[in-house]
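My entries are below, in the order I made them.

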Amino acid sequence: MSTTRDLILVTLVLLLTGALIVAGVQQYAGTDSGHGSMHSGEADGVQRFTAQLSTWGYIVTANNQSPLLPDAADTALFVLGINEDFDALEAAWLPTWVQAGGTLLIAQDNEKTRRLLQLFDVDIKRTWRQVETATLQLPAFNWPLVGDVTLQTRYRVDAPCGHAAIHLGDCDTPLLVSFGYGRGQVIVLSSIYPFTNEGIQVPGNLQFVANLVGTAVPSGSRIRFDETHRVNNAQQSRAWLWTTPTGWGLLYTLLLLLTYGWWQGRSLSTAVPITPTTAANEFAATQSTDEFITDMARLYQQSSQEKNIQRHFWQRLKRQLARQYRCDYNLPDTEFFAELLLYQDEVDIARLLSLHAELQRPQITESQLLWWVTQVVEFTEALPSS
């Protein structure tokens, strides 16, 4: 009876602990995992905005998988309310894409994209008080007339005067700035509210986003949305459990209860004698597990993401060379090099062969991949304009 009573008590405590964990996670993470997401119909999602873009004749696509590497078919990249920063590979590629003519729109109401913003010598920082509305200072995004733009933000764009055109705010508190970058342009807004399902219905905001997009992006173009750099509710839950004192306390409590339950349950289990047969079975099981792990590791190496990224950039380089010198980029690499001998000097051919040799390596680290991609991008930029 005592053992049964203890087990019932432990079960009740475990259920109570689980309820506390769920409540804490919900309080920490909230229900806004769709903040800024084109897939979210919640108040802070941007589903209405993307639907409007389709109505206005734009081709809208979502980038849900890492890495985020926009290409020449993408006229614009919209980064709205993300909460994870870009990695080294993406940060190396994105300025090159903008320089080639891309339009980058960043609307953020947090400080979690520092690496992305500092690529373009800007940042987003807190203000002393919330900015509810602002009036457009320049005509570029103000026709048809907008009036006031409702922002509801506690952030400003950190950009020195003269570095960018300030459309909302002033030199002390820039809220919306734009500037050229190579043949492309960058637009930074310190609020996501005008694009959200709630904010786009506020008077003036729909006209504002229509003017902004219509001015910056030609109609019929493809706009890619960054859905890659978002932390979902499951990730937020794990963050709460592992990074807050309450989460740690609940985890320790759960561990102690599980240990107590296991200790109490030992008396209920029957010992199984070890025989040569059971020992042999356990050894065989261990061997099978090792072989399975080895096979999975080999499979992962064969399908590594790094090699896929390398092949992607190599094909882009071949297509660029083919357009420049009227070659067929579908040719095998050896025949392709033979055609390039008519146009490229020995130094460039040697560099291409070196890059190609790196491509053939069966394995590559992330740092080696970043160096290799940088070399390919530099080679591409050095090609004479056609």
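**Ground rules.** I worked from a predicted model, where local features need pLDDT of at least 70, side-chain atom pairs count only at pLDDT 80 or more, and totals for chains, interfaces and linings use all residues. Residues are numbered from 1 along each chain as its sequence is written, and side-chain values use heavy atoms, with hydrogens and water left out.

**Whole chain.** I found 12 helices and 9 strands in the protein chain; helices (H or I, at least four residues) and strands (E, at least two) are DSSP runs, numbered from the N terminus. Of the 386 residues, 40% are buried, where buried means under 20% relative accessible area, exposed over 50%, and partly exposed in between (1.4 Å probe, protein chains only). I also looked up contacts, meaning heavy atoms within 4.5 Å. Among contacts with a separation of 6 or more, 68% are between residues 24 or more positions apart.

**Helices α9 and α11.** Two packed helices are described by the angle between their axes and the distance between the axes. I took axes as lines fitted to C-alpha atoms, for helices over the stretch in contact, with angles from 0 to 180 degrees between N-to-C directions. Helix α9 (residues 305–325) and helix α11 (residues 346–359) have axes that come within 10 Å and cross at roughly 155°. That makes α9 roughly antiparallel to α11; angles under 35 degrees count as roughly parallel, over 145 as roughly antiparallel, 65 to 115 as roughly perpendicular and the rest as oblique. On the α9 side I noted Lys307, Gln310, Arg311, Trp314, Leu317 and Leu321, which meet Leu352, Leu355, His356, Glu358 and Leu359 of α11. By class, this contact has 6 nonpolar, 2 polar and 3 charged residues. Ala, Val, Leu, Ile, Met, Phe, Trp, Tyr, Cys and Pro count as nonpolar, Asp, Glu, Lys and Arg as charged, and the others, Gly among them, as polar.

**Helices α10 and α11.** Helix α10 (residues 333–340) packs on α11 at an angle of about 165°, with the axes 11 Å apart. α10 and α11 are therefore roughly antiparallel to each other. Asp333, Phe337 and Leu340 of α10 make the contact with Ile349, Leu352, Leu353 and His356 of α11. I counted its classes as 5 nonpolar, 1 polar and 1 charged.

**Cores.** I then listed the nonpolar cores, each a set of buried Ala, Val, Leu, Ile, Met, Phe, Trp, Tyr and Cys residues joined through side-chain atoms within 4.5 Å. The largest has 51 residues, and Val79, Leu104, Val188, Phe313, Leu321, Leu340 and Trp372 touch the most other members. Its largest share, 7 residues, comes from α9. A second, separate core of 33 residues includes Phe78, Leu151, Val213 and Phe225.

**Threonine 50.** Threonine 50 is in helix α2 (residues 47–55). Threonine 50 is buried, at a relative accessible area of 8%. Beyond neighbours within four places in sequence, I found threonine 50 in contact with Met38, Val60 and Phe225.

**Glutamine 137 and isoleucine 166.** Glutamine 137 is in the loop between β4 (123–135) and β5 (148–158). Not counting residues up to four places away in sequence, glutamine 137 touches Ile166, His167 and Gly169. Isoleucine 166 is in strand β6 (residues 165–169) and counts as buried at 17% relative accessibility. From isoleucine 166 to leucine 138, 28 residues apart in sequence, I noted 7.6 Å, C-alpha to C-alpha.
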